[in-house]
Amino acid sequence: MKKTIMIVMLSVLFLVGCGYKFISFSGESDNWKGEYATNIEGSSENGTYTFGYKNAPNNLTFKNLEILIDGVTRQKMEEYNRATIKIPTSCSGCLVTTEHSTIKVTIKWNNINEETFYLESGK
């Protein structure tokens, strides 16, 4: 009897654990590097985009910083004075990201600069 209960409990734990997936993506352009790390469970996703300006000086200030992810503006600020930007994301009942996805990122800053790069999974 104890053996049967133990097998059932292990099976349940195994099945519950199979529903979780962690995926990370990375990419860079001339001036920016980016990462996306996400936890997926069924049709729910919770993640964070992290973007960093390479070789940032101590007195760094961006004017009109805009970050577009897959063509949608995710962050827009008139002034920002840090080299790293974090953008949390979450959805439930959505089409979740897969490890085969490619995420297009466009970053615009100081009214004259714009770079596009892609975040890809290390698989």
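Analyst: Strand β4, for instance, covers residues 62-69 and contains Asn-64. The model is predicted: local features need pLDDT of at least 70, side-chain atom pairs count only at pLDDT 80 or more, and totals for chains, interfaces and linings use all residues. Residues are numbered from 1 along each chain as its sequence is written, and side-chain values use heavy atoms, with hydrogens and water left out.

User: How many helices and strands does the protein have?

Analyst: There is one helix, together with eight strands. Reading from the N terminus, the order is α-β-β-β-β-β-β-β-β.

User: What is the average pLDDT of the protein?

Analyst: pLDDT is the predictor's confidence in each residue, from 0 to 100. Here the average is 87, and 85% of the residues score at least 70. Residues 12-17 stay under 50, and the model gives them zero contacts beyond four places in sequence (a contact means heavy atoms within 4.5 Å). Where pLDDT is low, the predicted coordinates should not be read in detail.

User: In what order do the eight strands form the sheet?

Analyst: Two strands pair if DSSP finds at least two bridges between them. In this open sheet the order is β5-β4-β7-β8-β1-β2-β3-β6, with antiparallel pairing. The edges are β5 (72-80) and β6 (84-92), each of which pairs on one side only. On average, neighbouring strands are turned by 15 degrees against each other, direction ignored (their axes are lines fitted to C-alpha atoms, and angles run from 0 to 180 degrees between N-to-C directions).

User: How many bridges join β7 to β8?

Analyst: Eight bridges link β7 (residues 102-109) to β8, and the two run antiparallel. You can find Val-105 opposite Phe-117 of β8. The two strands form a hairpin with three residues between them, and Asn-110 in the turn has a positive phi of about 55 degrees. Strand β8 (residues 113-121) also pairs with β1 (residues 20-28), antiparallel over two bridges. Look there for Phe-25, whose bridge partner is Ser-121, and for Ser-26, which stands opposite Glu-120.

User: Which residue other than glycine has a positive phi near 50 degrees?

Analyst: Asp-70 does, with phi near 50 degrees, and its place is the loop between β4 and β5.

User: What is the relative accessibility of Asn-64?

Analyst: Buried means under 20% relative accessible area, exposed over 50%, and partly exposed in between (1.4 Å probe, protein chains only). Asn-64 is at 37%, so it counts as partly exposed. Asp-70 is partly exposed too, with 48%. Across the protein, buried residues make up 31% of the 123 residues.

User: Which residues does the disulfide join?

Analyst: A disulfide is a covalent bond between the sulfur atoms of two cysteines, and here it is taken as a pair of cysteine sulfur atoms within 2.5 Å. The structure holds one, joining Cys-91 to Cys-94 with an S to S distance of 1.9 Å. The torsion about the S-S bond of Cys-91 and Cys-94 is about 45 degrees, which means the disulfide is right-handed. Cys-91 is partly exposed, with a relative accessible area of 28%, and Cys-94 counts as partly exposed at 23%.

Note on methods
Helix = DSSP H or I, 4+ residues; strand = E, 2+ residues; numbered from the N terminus.
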